[in-house]
Amino acid sequence: MLKINNLHVKLEAEDKVILKGVNLTIGSGEVHAIMGPNGSGKSTLSYVLSGREGYQVTEGSATLLGAALLDMAPEERAAAGLFLAFQYPVEIPGVGNMTFLRTAVNAQRKARGQDELSAGEFLKLVREKAKTLKIDADMLKRPVNVGFSGGEKKRNEILQMAMLEPKMCILDETDSGLDVDAMKLVADGVNALRDAGRSFLVITHYQRLLDHIKPDVVHIMADGRIIKTGGPELALEVEENGYADLLAEGV
Amino acid sequence: MAVALAKEDALAARLAALDLPQGGFTRAARAAAVARLQALGLPGKRDEYWRYTDPAALTAVAPPTAEASDAQGEVPVFDGLDRVKLVFVDGVFDPARSDDPTLAGAEISRLATADAADIHWAQGIYGALEAAGQNPVPRPLAALNTAAATDGVLIRVTARAARPVNLIYVHESATSDAILHHCIKIEAGADLTLLETGPAGARFNKVLEVDIAEGGRFHHVRTQGRDHARRAATHVFARVASGALFKSFTLTANGALTRNEVVIDIVGDDAVTHVAGAALGDGATGPFHHDDTVFVTHRGVRCESRQVFKKVLKHGAIGVFQGKILVKPGAQKTDGYQISQSLLLDDDSQFLAKPELEIYADDVKCSHGSTTGAIDEEALFYLRSRGVPVQEATALLVLSFLADAISEIEDEALQTEIFTVLEGWLARHKA
Amino acid sequence: MTIVENELEVREGVDRETVEAVQNMGSYKYGWNTDIEMEFAPKGVNEDIVRLISAKNNEPEWMTEWRLTAFRRWVTMTEPTWAMVHYPEIDYQDLYYYAKPKSLDEKPKSLDEVDPKLLATYEKLGIPLKEQMILAGVEGAEGLVADARKVAVDAVFDSVSLGTTFQAELAKAGVIFCSITEAIVKYPDLVKKYLGSVVPQSDNFFATLNSAVFSAGSFVYIPPNTRCPMELSTYFRINAENTGQFERTLIICDKGSYVSYLEGCTAPKRDTAQLHAAVVEIVILEDAEVKYSTVQNWFPGDEEGKGGIYNFVTKRADCREARAKVMWTQVETGSAITWKYPSCILRGDESQGEFYSIAIANNMQQADTGTKMVHLGRNTRSRIVSKGISAGKAQNTYRGLVSMHPRAKNSRNYTQCDSLLIGDQCGAHTVPYIEVKNNSSRVEHEATTSKVDDDQLFYCRARGMDEEEAVALVVNGFCREVLQALPMEFAMEAQSLVAISLEGSVG
């Protein structure tokens with residue numbers, strides 16, 4: 001599904017190297033988690049993969065289902081099946097959530113050569129998906145993320161994921177700012193989308209989200225590299241001992 | 001001295017080129033307007049309120065030629081609405097294209113015909129609101145209009161008007177110089193929606209005087225045609241009495257030069273006045289210069305005023321906003337708000353603003369804000385990461401930017417019409 | 001360690017002194033007049049007077065010519081009328097353009113020889129005794145001043161600079177701090193190079209008049225890579241009647257240097273209005289930084305609007321090279337008329353300009369003040385924080401310009417302009433000009449106008465404050481952001497001034 005090979009990235013504005021050779025392969029239907037202390041480069045990885053400006057790839061490659069990801073525009077990556085659930089979803093005043101969703105769904109369908117959804121079809125679909133995420137009609141009518149609580153924003157991200165049906169989902173600190181109930185709701189939404197043809201990369205600082213979204217593989221990231229890879233037990237180890245020991249090992 | 005003389009000459013030449021109507025009931029008002037104009041002179045670049053807009057094309061003896069643009073099969077705006085259509089072609093009333101001007105709750109007449117008589121209900125309005133609006137900021141082009149207007153409509157609204165009135169300004173001649181003057185009187189508790197559409201002529205000078213009595217309501221929605229070369233100076237003078245409501249929204253797309261002045265005098269208490277505008281300019285299809293000059297005077301207590309102006313500019317387009325809230329002594333509990341924002345889609349465009357507050361009462365809440373900048377990169381990336389191509393994403397963010405101004409239109413059907421026009425414009429001006 | 005303690009002690013001492021002094025003030029503390037024998041030039045202005053002023057200051061020929069060019073230009077100009085201030089026509093031929101205490105003709109040997117009235121003036125101004133000696137020109141007095149309070153002072157009394165303290169110590173650091181008259185004679189190359197380079201002779205009516213007749217003011221030159229060892233300060237005082245004061249200040253901060261400059265102004269109470277038309281020019285080179293703080297407390301006129309200073313001032317800083325920084329902070333409480341727009345030309349890439357202002361207008365005062373931020377270089381930044389307070393029958397206007405030129409890519413401006421009204425007879429106005437000519441820059445402007453919050457007042461009074469105290473407290477809170485931008489000693493003085501300026505505005 002996703003193959004990252006020796007990825008080096010620096011911040012354009014500050015000429016600062018953030019990623020120093022990341023290697024990662026995620027198979028179809030797998031759920032991987034990346035954990036690591038603040039500033040280890042976790043979020044940078046998610047932004048570089050989704051095509052945000054301001055980062056320069058100095059070395060390495062990334063492919064999604066064999067296609068070179070790093071040469072594509074953000075919307076092309078999305079159409080190719082990549083989805084990033086933002087840590088801080090952007091507010092867009094004046095654009096209704098429904099309009100936003102429909103524009104996105106149809107843009108992707110168009111890019112893939114599929115027919116656009118009719119208003120009726122779309123409405124039916126969005127209502128069905130929204131219901132399982134406990135997103136009410138009012139939230140769909142309001143402008144994108146404007147005035148949404150932290151939990152509502154994250155649920156809205158998962159709703160977009162459900163509507164866009166991507167193949168490779170990256171969740172960037174989706175648990176940040178959520179209480180236990182909200183986290184459970186979001187995790188249920190994600191779990192409902194797990195299937196053999198869809199992979200996940202869950203980026204998180206804490207282990208607690210991984211109680212709800214069970215990963216197949218856990219990676220520990222530090223100083224721009226993956227320093228350790230293991231099973232779900234690795235996350236528990238971090239939970240108990242913190243990052244310090246692992247970082248010491250890594251050096 | 002030389003400047004003053006040159007100004008006098010310019011005015012004499014301008015007046016000489018006009019066939020000033022003698023007028024019936026407007027006779028005294030027209031004569032007074034000529035005198036006013038002579039005292040003021042035509043506007044010049046050195047005038048404080050013309051520092052950002054060169055009035056030369058508006059004051060020249062003849063208008064620069066302006067071809068009417070091809071509508072390219074676009075459905076005319078408001079076409080689906082049930083309304084009374086009154087059509088002016090290059091400033092001349094066209095009865096054949098107009099509806100029968102009968103409207104339950106209102107009485108409609110043409111200025112050109114009504115002015116044959118010496119007495120008319122509009123006598124106290126024609127030129128009177130314009131004259132009152134000359135202080136403290138002179139508006140010579142409006143005085144010129146009062147003196148020289150050849151036609152217009154006079155509407156007296158006595159109840160809730162059954163349908164909106166739509167003034168449709170058709171532009172056909174490349175050299176037309178349309179001068180229209182409308183008077184509207186909303187009687188106590190009456191209600192009218194006025195729609196104005198179209199570019200009107202190669203050059204257009206318009207005055208709309210609106211007198212709203214106690215509890216009257218006036219909704220005004222206009223779209224200024226997208227002809228690239230047309231030039232327009234429009235003025236709205238409104239007198240707003242106690243408990244009355246005045247709401248005006250203008251959408252301007254293209255046009256070489258547009259100066260929209262709105263002068264509102266809130267004379268009563270507890271009145272509400274909102275003025276909003278959205279302007280879209282693409283210099284790639286010809287020069288674009290758009291100027292909103294708004295002046296709201298609060299005299300009564302507990303009144304609310306809002307000014308919401310948004311501009312989207314690219315390829316060397318220029319947007320101007322000069323807005324003022326004047327709170328007179330004693331106008332306590334005034335709630336005045338003003339926002340002017342521009343979105344510059346590229347590095348060539350300009351936004352020039354002078355948002356003013358002048359306040360002589362202490363128990364008031366007045367604020368204004370003004371921002372200028374490029375499109376929000378964060379939001380653009382968010383949309384693109386969801387698969388929306390960059391042009392479509394930009395269009396969506398432009399609509400988002402304009403939404404606050406458009407939401408000033410109360411009627412949802414009218415809002416939808418405006419969004420349709422906007423989407424059409426954005427589709428045509430993708431690059 | 002000991003040094004720190006010493007500094008602390010002194011600082012506290014000064015603050016206490018200031019507070020006490022301020023508490024003892026009447027409605028205008030500086031309203032006394034010093035009866036000193038003066039030497040005047042004849043009334044009025046013409047080429048001969050310009051030559052006379054130049055001669056009195058022992059100026060070289062080029063300077064006389066420079067003045068005359070300005071004068072010839074001035075006679076063709078008309079007084080500007082765009083500001084929201086109204087005042088009776090000024091008769092420029094009915095003013096004295098040069099006044100100097102006679103006692104200064106010969107340098108006194110000790111304090112006993114100094115005109116006691118002059119010393120009394122300094123005392124009332126709050127200038128410490130030993131500094132008074134220096135200012136009075138007592139020979140060798142400089143050595144007597146303890147190192148503790150490091151503020152070098154230049155005092156200007158009507159048309160003449162009386163002397164500058166700490167010159168020797170400043171000289172050690174290579175800093176030049178003297179009167180402009182002295183600089184013209186001693187440092188002609190620097191003066192020739194920079195005078196009029198920020199505010200040209202033809203800039204505006206008042207600046208042009210100043211260029212022709214200025215006769216006092218300070219000159220500062222900070223050499224490259226020097227942090228000025230102490231704060232520099234000028235006290236201006238208009239004493240003589242019917243006298244215009246036209247000082248000219250020129251500050252040059254060379255590459256990589258830093259200076260903080262304080263300016264204080266007072267004038268006696270007089271029934272007739274007095275004219276003050278000053279020019280301040282600041283040149284800031286690469287990586288240099290200048291802070292310029294003003295507490296302007298000219299006599300504002302009485303409650304009926306009689307007398308007071310007409311303050312028409314042109315102040316401008318030119319951030320001429322990359323990463324130059326300037327910060328203007330002003331507390332404008334005095335003057336009958338204030339017409340003043342300290343400006344920043346952000347020419348160097350990544351240069352920065354800041355403007356913090358408190359303008360208080362009470363009784364019949366009229367203030368029209370603000371700033372200009374002209375962004376010419378790339379990545380330039382500016383910030384404007386303006387707090388206007390109107391009381392009595394006063395009119396207070398913020399007038400400002402933010403201009404982003406096409407070349408000024410990626411620049412930013414943020415403007416916050418708040419007005420507070422106390423009473424229903426006054427006015428508060430905001431007239432910003434915003435001109436943006438590129439899209440990589442971002443300009444944000446916010447302005448609010450409101451009255452003193454009743455709930456806040458009530459809360460204070462419920463805790464035992466009287467209405468005036470409560471208003472002063474709330475107003476100080478309103479001004480906080482600007483007060484914090486002032487150097488410590490000035491901040492205390494300014495805070496108390498805020499309260500005094502608003503006396504009688506309640507009830």
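## Salt bridges in the model

A salt bridge is here a side-chain nitrogen of Lys or Arg within 4 Å of a carboxyl oxygen of Asp or Glu. By this rule, the count between chain B and chain C is 1 salt bridge, and 3 salt bridges are found across the interface of chain B and chain A. The structure is a predicted model.

The salt bridge between chain B and chain C joins D347(B) to K409(C), with the closest N and O atoms 2.7 Å apart.

## The interface of chain B and chain C

Contact between these chains involves 34 residues from chain B and 32 residues from chain C. The area buried between chain B and chain C is about 2700 Å², and carbon and sulfur atoms account for 48% of it. There are 16 residue pairs in polar contact between the two chains, counted with both residues at pLDDT 80 or more. On the side of chain B that touches chain C, the elements giving two or more residues are β19 (350–359) and β20 (365–373) of chain B. Strand β19(B) provides the largest share, 10 residues. By residue class, this side of chain B divides into 14 nonpolar, 10 polar and 10 charged residues.

Strand pairing also links the two chains: β20(B) and strand β24 (residues 442–451) of chain C pair in the antiparallel sense over 7 bridges. Within this pairing, T448(C) in β24(C) is the bridge partner of S367(B).

## The interface of chain B and chain A

Here 18 residues of chain B are in contact with 31 residues of chain A. The two chains bury about 2000 Å² between them, with 64% given by carbon and sulfur atoms. In chain B, the residues that lose the most area to chain A are F381(B), Y382(B) and R386(B), which together make up 41% of what that side buries.

Polar contact is found for 11 residue pairs between chain B and chain A, both residues being at pLDDT 80 or more. Helices α7 (377–385) and α8 (390–406) of chain B each supply at least two residues of the side of chain B that touches chain A. The largest share, 8 residues, comes from α7(B). This side of chain B comprises 10 nonpolar, 3 polar and 5 charged residues.

## The four-stranded sheet of chain A

In chain A, 4 strands form an open antiparallel sheet in the order β2-β1-β4-β5. Strands β2 (16–26) and β5 (67–68) of chain A are at the edges, and each has a single partner strand, so one side of each is left without a neighbour in the sheet. Strand β4 (residues 55–64) of chain A pairs with β5(A) in the antiparallel sense over 2 bridges, and T63(A) stands opposite A68(A) in β5(A).

Helix α1 (residues 42–50) of chain A lies across β1 (2–11), β2 and β4 of chain A. The helix runs at about 105 degrees to β1(A).

## The six-stranded sheet of chain A

A further open sheet in chain A is formed by 6 strands in the order β6-β9-β10-β3-β11-β12, with mixed pairing. Its edges are β6 (82–85) and β12 (225–230) of chain A; each has a single partner strand, so one side of each is left without a neighbour in the sheet. From one strand to the next, the twist averages 20 degrees.

Strand β11 (residues 217–222) of chain A runs antiparallel to β12(A), and 5 bridges join the two. In this pairing, V218(A) stands opposite G230(A) in β12(A).

Notes: Residues are numbered from 1 along each chain as its sequence is written. Chains are lettered from A and ligands numbered from 1 in the order in which they are written. This is a predicted model: local features need pLDDT of at least 70, side-chain atom pairs count only at pLDDT 80 or more; totals for chains, interfaces and linings use all residues. Side-chain values use heavy atoms; hydrogens and water are left out. Contact means heavy atoms within 4.5 Å. Buried area is the accessible area (1.4 Å probe) that two parts lose on being put together, summed over both. A polar contact is a pair of N or O atoms within 3.5 Å; within protein, one must be able to donate a hydrogen and the other to accept it, and residues adjacent in sequence count only if both atoms are side-chain atoms. Ala, Val, Leu, Ile, Met, Phe, Trp, Tyr, Cys and Pro count as nonpolar, Asp, Glu, Lys and Arg as charged, and the others, Gly among them, as polar. Two strands pair if DSSP finds at least two bridges between them. Axes are lines fitted to C-alpha atoms, for helices over the stretch in contact, and angles run from 0 to 180 degrees between N-to-C directions.
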